[in-house]
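This report is written for someone opening the model for the first time. Please keep the sequence and the 3D view at hand while reading.

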Amino acid sequence: TRSTRPQRLLTHVKQRARRGDAQSVITTIDDYCRAREWAMNVGDEKGSILDQVVCEVSPDVALELGTYCGYSSVRIARLLPPGARLLTVEFNHDYATIAREVIDWAGLQDRVQLLEGASGDLIPQLRQKHGIETLDFIFLDHWKDRYLPDTRLLEDCSLLRRGTVLLADNVICPGTPDYLEYVRSSPRYQSQYFSSHLEYTRAEDGLEKSVFLG
Ligand SMILES: C[S@@+](CC[C@H](N)C(=O)[O-])C[C@H]1O[C@@H](n2cnc3c(N)ncnc32)[C@H](O)[C@@H]1O
Ligand SMILES: O=C(c1ccccc1)c1ccc(O)c(O)c1[N+](=O)[O-]
Ligand SMILES: [Mg+2]
């Protein structure tokens, strides 16, 4: 049977990227997705904004919602200080399997913990099961209708603290109107929009950075 897009992406990484070299994994995936077949990674242009925010926050504990092939997991984890960790959540087993291999190829397996399951089920388990007190940084990049319910869930589970930064992908394309309205109108968040483009295209898109005010 025909291979899947994530499988073809992983094969390309193993053929072209240097093992243990996170930047070469990132560049290889971006080149492949631009030249051969589009894939829903955050990409290089929005990825640079993601890098900038991760460096600014320098999180000890980061959470990513939506792993796919592990591209943004590699982007985030390569910037974490030693001892810091990224928890990334993915409910598609095939994608999670590919992502583990991409993260391993980049040499970042010691900083990334991939949790297989639905965000709505895993978020309430973060404290008891994964020893999380509060989160420093959250990258939202899963199905767009889950951004708002999962943000409310993070609040209700007391996983946010004054200064926690939420960075949301795709707030224009495909769009997350209910989430955007919430973080921009709630007195509990200070939000800022970073204009960019949908990965590997000229379509408008952007990231919304929201700081939880406690
Ligand atoms: C856009 S892709 C993630 C891309 C990745 N962040 C990157 O930039 O490389 C979205 C992923 O979220 C997963 N997903 C969607 N809703 C989810 C949920 N509620 N819980 C866990 N995973 C979810 C999908 O299976 C898919 O792999
Ligand atoms: O929803 C899509 C989508 C919709 C239709 C076809 C392909 C992808 C998408 C597009 C760009 C993204 O950056 C992204 O995170 C997603 N996503 O699925 O979460
Ligand atoms: Mg996205």
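## Basis

The model is predicted: local features need pLDDT of at least 70, side-chain atom pairs count only at pLDDT 80 or more, and totals for chains, interfaces and linings use all residues. Residues are numbered from 1 along each chain as its sequence is written, chains are lettered from A and ligands numbered from 1 in the order in which they are written, and side-chain values use heavy atoms, with hydrogens and water left out.

Aspartate 169 and asparagine 170 are both buried. Buried means under 20% relative accessible area, exposed over 50%, and partly exposed in between (1.4 Å probe, protein chains only).

## Ligand 2

Residues that surround ligand 2 include Trp38, Met40, His142, Trp143 and Pro174; the criterion is a heavy atom within 4 Å. An oxygen atom of ligand 2 lies 2.8 Å from a polar side-chain atom of lysine 144. For the side chain of asparagine 170, the distance from an N or O atom to a ligand 2 oxygen is 2.6 Å. The protein buries 66% of the 410 Å² that ligand 2 exposes when taken alone, by the Shrake-Rupley method with a 1.4 Å probe.

## Surface patch

Trp38, Met40, Phe91 and Trp143 make a nonpolar surface patch of about 430 Å². Patch residues have over 30% relative accessible area and no salt bridge; nonpolar side chains (Val, Leu, Ile, Met, Phe, Trp, Tyr) are joined within 5 Å, like charges within 9 Å. Phenylalanine 91 is exposed, because its relative accessibility is 54%.

## Salt bridges

The structure holds 17 salt bridges, each a side-chain nitrogen of Lys or Arg within 4 Å of a carboxyl oxygen of Asp or Glu. One of them joins lysine 46 and aspartate 205, with the closest N and O atoms 2.7 Å apart. Lysine 46 is in helix α3 and aspartate 205 in strand β7 (residues 204-212), 159 residues apart. Helices (H or I, at least four residues) and strands (E, at least two) are DSSP runs, numbered from the N terminus.

Lysine 46 is buried at 0% relative accessibility, and aspartate 205 is buried at 0%. Glutamate 56 and lysine 209 form another salt bridge, at 2.5 Å between the closest N and O atoms. Lys46, Asp169, Glu199 and Asp205 are joined into one network by salt bridges that share partners.

How values were computed
Polar contact = N/O pair within 3.5 Å; in protein donor to acceptor, adjacent residues only side chain to side chain.
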